[in-house]
Amino acid sequence: MYEGSVYPFPWPILTTEVKFPNATHTHQDLLAHGKTLVGHEVVIHGYLGSRRDAGKGFSFCDLVSNDLSHSIQLTAKAGKDESTLSALTLLRSLNRHTPVAVRGVIAEASLKEKFGDLQNVPNIELKLAEICRLNEFPADIIMQPETVFSPEQRHLQIRNTKQIRTALEVRSNAAHVCRKLLAEEEGFIEVETPLLFKSTPEGAREFLVPTRAAGLAYALPQSPQQYKQILMSSGIPRYFQFAKCFRDEDLRADRQPEFTQIDLEMAFATGADVMNVIEKLIRQLWSNCVDQGSVQLPFRRMTYAEAMSTYGSDKPDLRFGSRIRRIEYMLPVDLVSKIGPLSDPIVEVVKMSISDKPKETSAFVASFMDSPEAKPFIENPDGQPGIFIFDPRRPLQGLQPFGFEAAEQLEELLELDAGDLVVIQARKNAPFAGGSTPIGNLRLALHRAAVSRKLLPASTDFEFLWITDFPLFSPAVDTEPGQGGTAGIASTHHPFTAPKSAEDVDMLLTDPLQAKAEHYDLVVNGVELGGGSQRIHHAKVQEYILRDILKIGEERMNDFAHLLDVLRAGCPPHAGIALGFDRLVAVMLGRESVRDVIAFPKSGRGEDLLVKSPSRMTKKQLETYHLQLSV
């Protein structure tokens, strides 16, 4: 069809299929059966690694396996026949990282050399007879182990960084473990739910997908919440899926605009049933996919109020103690007035054992307070923290601002030793709201800083716990979409969460903000892995929550008409949970960001810098979808 120079493709494309239709062996074959293959001719695929030339007629080169995990040594020698000379010449002309197919005879290794950081196939080598270049690796791309590639070169990041490939392998193995346990051992059915949903006010901002029908749009699901409740009413006893979810929110290290969650729901079940399944799942994951640390069952349970008061967070890290205590009752009035501008505040204290040398602790505090990490605590409108160092050589052991009596009480309460850090912080005298308190955030920041400065060891333990008894509703916040009602409150979890008890149902009539939810979060080491709840399964109760408690308008009520119809059709009691799969894998691997365990993550601005998305809509696209720009 093509003749001579008019052939438009490079030589390897023309010859690959003819000369090397298939690899006859893999690096794994050689690892397992290398000795038995000595003397056999094989064809192997891979990437060229480091090469060393010995004179004019001899070369050694790594052949890296196609999964970039192992290497075998190639030896190329210029022999009497033209083919071996041709193979040596071609090998020397190719750049490192070039994908190739090689044919040769397996021999026992005569030269034991190691190139790079790969695991070598031991004691054997391949005497090269023929090599076929399958593509070119350009000389202008520098790819050394220490090379740092930008997000725009994510393909090279993955290829050059074993940590990323390991993360993707662990992620794949974890998904397999989850499917095996849920489907084969626990009787769950995997069901895919639609990605083109409708806009409903569940609590997070949605991505809209316009259609060619003027004024009509789909919404990408925040979660499959409503579909899985529909499945419960459809007679599916136990459902799960690896669900893609989408939320148009401000991003951070553990959040992406699109993410994956292990989503499951159980009919005729309570929250306790769900928690039992998840504990088995976590134990199985840690047993199969995590190199260190064990999982003790059952997980500890702690109420939201206890977590907030004792650790200043609804996702507390229990590994380093440092419990928070209220102490305003023991402080002199003049000291309370100096802490900040609040009248009648709650004052809390936390002790941290950084060093047994007061001077070392003092130097750490000075370094921390001068760092950007301290800025939000210094600028706290409710007052800066008070920081003291327990030093037996100083008057009142360094606690002189507390006065004799309070200093003595504090020393006994906190069991203080030399060098201990004592931090006090005031906050409004009001019920807990949100996910943390200022002293809780400072507790975590100080511990992180001490670990990063090698003053405290980094823990390798995993402390799992369930946080329960969340408030069913929280005061509405202007920066959050909530459910769009006019009551000034929003569902803490989502509007389909059931009240915890009969008393909490009664509370709906008098003081909804005091009602507790049958809602549970799974937390490990200060990270929320997921949350779930018992669902409202009565249509009248669900309608009452939406219409009378949240005061959602009639137009938005129509968006839930399908769900009310489903619940009305004899929907059984049901409960479920969603675990953030990206975050779960990151915790398993000890990674700080979910971006480290996602093949193609978005940036902090929600962009895929490799493919350059999102892209600007063209004028024609805007017209097709009946859209126009406001600016």
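**Note on loops, cores and cysteines in a predicted model**

1. Asn-525 sits in the loop that runs between strand 19 (519–524) and strand 20 (527–534), where helices (H or I, at least four residues) and strands (E, at least two) are DSSP runs numbered from the N terminus. Its phi is near 50°, a positive value in a residue other than glycine, and Asn-525 counts as buried at 13% relative accessibility. Here buried means under 20% relative accessible area, exposed over 50%, and partly exposed in between, with a 1.4 Å probe and protein chains only.

2. On the basis of these values, this is a predicted model, in which local features need pLDDT of at least 70 and side-chain atom pairs count only at pLDDT 80 or more, while totals for chains, interfaces and linings use all residues. Residues are numbered from 1 along each chain as its sequence is written, and side-chain values use heavy atoms, with hydrogens and water left out.

3. Lys-551 also has a positive phi in a residue other than glycine, near 60°. Lys-551 belongs to the loop between helix 15 (539–549) and helix 16 (554–557), and at 42% relative accessibility Lys-551 counts as partly exposed.

4. Pro-298 lies in the loop between helix 7 (271–289) and strand 11 (300–303), whereas Pro-614 is found in the loop between helix 18 (581–589) and helix 19 (619–624).

5. The largest nonpolar core has 44 residues, of which Ile-278, Trp-286 and Phe-464 touch the most other members; such a core is a set of buried Ala, Val, Leu, Ile, Met, Phe, Trp, Tyr and Cys residues joined through side-chain atoms within 4.5 Å. Elements that each supply at least two residues of this core include helix 5 (162–185), strand 9 (238–246), strand 10 (258–267) and strand 21 (574–580), and helix 7 gives the largest share, nine residues.

6. Leaving aside residues up to four places away in sequence, Ile-278 touches Leu-264, Trp-466, Leu-522, Ile-577 and Leu-579, contact meaning heavy atoms within 4.5 Å. A second, separate core of 25 residues includes Leu-231, Phe-496, Leu-564 and Cys-571, and Cys-571 is buried, with a relative accessible area of 7%.

7. The disulfide count comes to zero, a disulfide being a pair of cysteine sulfur atoms within 2.5 Å. For Cys-289, which is buried at a relative accessible area of 12%, the closest cysteine sulfur is that of Cys-178, and at 7.9 Å it is too far for a bond.
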